[in-house]
Amino acid sequence: MNRRSLLLSGIASTWAATAAHAQTQPNNRGAVLVFGGTGKLGSEVVKLLVAAGDDVTVFTRQSSGRELLAGLKVEYAIGDMADDKSVAAAFDSKKFRAVIDASANREPGAERGPAGRAERRRGGPEGDSKGFYEATMAIMAAHAKRTGVNHFILHGSVLAGDNIELFPQFALIKGSGTLIDKGRAEKILIDSDVPYTIIRHGRVPSDPQPPATGHARLTLSQDVFGDLTRADLAILTLDCLDNPARINKIYHAWDDTFKIDRPLPTAPRGTPAPSKE
Ligand SMILES: NC(=O)c1ccc[n+]([C@@H]2O[C@H](COP(=O)([O-])OP(=O)(O)OC[C@H]3O[C@@H](n4cnc5c(N)ncnc54)[C@H](OP(=O)(O)O)[C@@H]3O)[C@@H](O)[C@H]2O)c1
């Protein structure tokens, strides 16, 4: 398929996801609270929610740039995901039927990449997010439970927690602080009793962000690792939202028509090379 066909297919899928979601979306069912909504993935999700007529609140730090949400009709709740008080206030600001976490551990006010987003991360898959995901999920899940949220969608990572056992090719990054942290966050959400969907993804592209291909898929097979675009992840997010068939499931997202041209993760710096025996 050429680039133009891919683009048109992506637009058609985006429209279909938005239209399908909008049809099942009476306005009085409660709003959607999005963490990480100012980011590259989160902003794609927010755009589709707004297009579907959803009432959207984006939780954001005071220092966050809002360029990717320019012109969109959303409300903002200001705070820090690591601060229980501000997260509690966000949950109490209105009735939320759903929460979507598309956050990634970034330094506040980090440098902006070419597409206007933070590029400097505290913990990539090979790094150490220093408990960010576990600590922030403990706060979000507690308030989601307290306020009766019906659906919590977490954007997680393939290889998180025990999942790395299914990928012997990535054994060199076993023990990565970020992947352990993300596994613990998943467990907190699963144990919280809040209906959840976890969407684990493999690699997403560096800037500039490509359009959706419309060919990304969700699978319950936990040994699938693939590349995909954030725009396609947003479409899959709306496919999950309010969808009883997707509740209390862990999915791996991938797109066999999309490939990122950069090497796969390797060992953290300082890790001894494996013996050749
Ligand atoms: N990049 C990859 O290759 C990759 C691979 C697998 C999975 N993922 C996952 O995909 C998801 C999104 O990644 P992305 O690269 O699209 O993210 P991104 O563009 O870096 O956005 C991160 C978002 O999280 C927010 N955030 C971070 N710390 C916060 C805090 N303490 N309080 C409030 N907001 C905070 C940021 O706000 P600010 O504007 O204030 O920074 C921003 O909105 C994450 O779950 C990530 O782990 C990424």
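Predicted model: local features only at pLDDT ≥ 70, side-chain atom pairs only at ≥ 80, totals over all residues.
**Entry 1: helix 3 and helix 4.** I looked up how helix 3 (residues 84–92) lies against helix 4 (residues 132–146). Their axes come within 10 Å and cross at roughly 30°. Angles under 35 degrees count as roughly parallel, so I noted helix 3 and helix 4 as roughly parallel to each other. I put the crossing of the two helices down as right-handed.

Next I listed the residues that meet. On the helix 3 side they are Asp 84, Val 87, Ala 88 and Phe 91, and on the helix 4 side Ile 139, Met 140 and His 143. I sorted the residues of this contact into five nonpolar, one polar and one charged.

**Entry 2: the ligand.** I counted 29 residues around the ligand, and the closest are Gly 36, Gly 39, Lys 40, Leu 41 and Ser 64. By type, the shell has 13 polar, nine nonpolar and seven charged residues. Which elements supply at least two residues of the shell each? I found helix 2 (40–51) and strand 5 (151–157). Helix 2 gives the most, with three residues.

**Entry 3: Leu 220.** I found Leu 220 in the loop between strand 7 (217–219) and helix 6 (230–240). Is Leu 220 buried or exposed? It has 9 C-beta neighbours inside 10 Å, and exposed means 12 or fewer, so I noted Leu 220 as exposed.

Leaving out residues up to four places away in sequence, I have Leu 220 touching Lys 249 and Tyr 251. I also checked His 252: 32 residues separate it from Leu 220 in sequence, and the C-alpha to C-alpha distance is 6.4 Å.

Methods: Residues numbered from 1 in each chain as written. Axes fitted to C-alpha atoms, helices over the stretch in contact; angles between N-to-C directions. Helix = DSSP H or I, 4+ residues; strand = E, 2+ residues; numbered from the N terminus. Parallel < 35°, antiparallel > 145°, perpendicular 65-115°, else oblique. Left-handed = near helix turned anticlockwise from the far one by under 90°. Contact = placed C-beta atoms within 7 Å. Nonpolar A, V, L, I, M, F, W, Y, C, P; charged D, E, K, R; others polar. Near = placed C-beta within 6 Å. Buried ≥ 20, exposed ≤ 12 C-beta atoms within 10 Å, placed from the backbone.
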